[in-house]
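Thanks for making time this morning. I would like to walk through one model with you, going from helix packing to the sheet and then to a few backbone details.

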Amino acid sequence: MATKLTDLSKLCVHTLTTKPWDLRECVENYNAAGIQGITIWRNVLENQNLIDAKKLFDDHNMEVVSIARGGFFPSIEKSIRNKAIDDNLLAIEQAAAVGAPVIVLVCGADGKQSLEKSREQIKEGIIKILPEAKAAGVKLAIEPLHPMYAGDRSAINTMAQANDLAEEINSDFVGVAVDVYHLWWDDNLQQEIMRCGKNDNLFAFHVCDWNVPTTDFLNDRGLMGDGCINVPQIRSWVEKAGFKGYNEVEIFSDKYWAMNQIEYLEKIKNAYLNCT
Ligand code: ZN
């Protein structure tokens, strides 16, 4: 049984959840709402002075939980794979500059080659950027994505695959991000979460819900309680596995982006306390 969340101290909101807001609006409004954790989608850092961004977080006592996203390593084209490495090195620099301890990796896939080949290139890519990540003190979290994305966004689709990869690479700086949206259907989820925690590889926990029916495979995520995922149960497994970090609310939703974002933030807090 999951214990109920009684306060907002472990609540982190992902900036893409409130997509209409720029970085300053996210920080000021989260802070005003009593939220202390923020995950940054890299789009809001574009054209920003990172020293100013860091000051903005510090001035509002905002803890940067992670930065999203790195990854997209596989391609049949060598030049694209090289470009991906450069982009990941930039992500490491950005994470270090704003004080983010973790980069979430959307690992990538190329539908023109096999999943096995894409997984090989993901492993090579992570190993290539690992020295810079270590030097910067930034950890890399492999996020398994729902299999509906296996053709283009990620060849890593289950916790078992993510655990295997993290264990093969075997570094304190490489672990796994558990996202309920991508993993709720997996009947091995509980045991794979335990395995992940046992190896100290559980770096992040993302929450939202799966709407029934789902009308868009990218931007129709639900607020916790809207759909069919037993979020409190999965949170209880993650906590049992030893995870003590933030619960990150990551909702891509055309429906919620269309509403008043201040009112939406109140809905998020409510859903966090009652359905997470
Ligand atoms: Zn996620």
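This is a predicted model: local features need pLDDT of at least 70, side-chain atom pairs count only at pLDDT 80 or more; totals for chains, interfaces and linings use all residues.

Helix 2 and helix 3 are oblique to each other, where angles under 35 degrees count as roughly parallel, over 145 as roughly antiparallel, 65 to 115 as roughly perpendicular and the rest as oblique. The axes of helix 2, residues 50-59, and helix 3 cross at roughly 45 degrees and come within 8 Å; such axes are lines fitted to C-alpha atoms, for helices over the stretch in contact, and angles run from 0 to 180 degrees between N-to-C directions. Leu50, Ala53, Lys54 and Phe57 of helix 2 make the contact with Gln94, Ala97 and Val98 of helix 3, contact meaning heavy atoms within 4.5 Å.

Residues are numbered from 1 along each chain as its sequence is written, and side-chain values use heavy atoms, with hydrogens and water left out. Helices (H or I, at least four residues) and strands (E, at least two) are DSSP runs, numbered from the N terminus.

Helix 3, residues 78-98, also packs on helix 4, residues 115-136, at an angle of about 30 degrees and with the axes 10 Å apart, and helix 3 and helix 4 are therefore roughly parallel to each other. Their crossing is right-handed; a crossing is left-handed if the near helix is turned anticlockwise from the far one by less than a right angle, and right-handed if clockwise. The residues of this contact of helix 3 with helix 4 divide into 7 nonpolar, 3 polar and 3 charged, with Ala, Val, Leu, Ile, Met, Phe, Trp, Tyr, Cys and Pro counted as nonpolar, Asp, Glu, Lys and Arg as charged, and the others, Gly among them, as polar.

A further pair is helix 5 with helix 7, residues 189-198, which pack at about 20 degrees with their axes 9 Å apart, and that makes helix 5 roughly parallel to helix 7. The crossing of helix 5 and helix 7 is left-handed. Helix 5, residues 159-169, also lies across strand 5 (139-142) and strand 6 (174-179), running at about 165 degrees to strand 6.

Turning to the sheet, how do the 8 strands close into a barrel? The order is 1-2-3-4-5-6-7-10, and the pairing is parallel, two strands being paired if DSSP finds at least two bridges between them. Strand 7, residues 202-207, pairs with strand 10, residues 247-249, over 3 bridges, and phenylalanine 205 has asparagine 247 as its bridge partner in strand 10.

Now the backbone details. Most residues other than glycine have a negative phi, and most peptide bonds are trans. Asparagine 47, however, has a positive phi of about 60 degrees, and this residue lies in the loop between strand 2 (37-41) and helix 2. A cis peptide bond joins alanine 68 and arginine 69, with omega about 5 degrees, and arginine 69 is placed in strand 3, residues 63-71. The bond from valine 212 to proline 213 is cis as well, with omega near -5 degrees, and proline 213 sits in the loop between strand 8 (209-210) and strand 9 (221-222).
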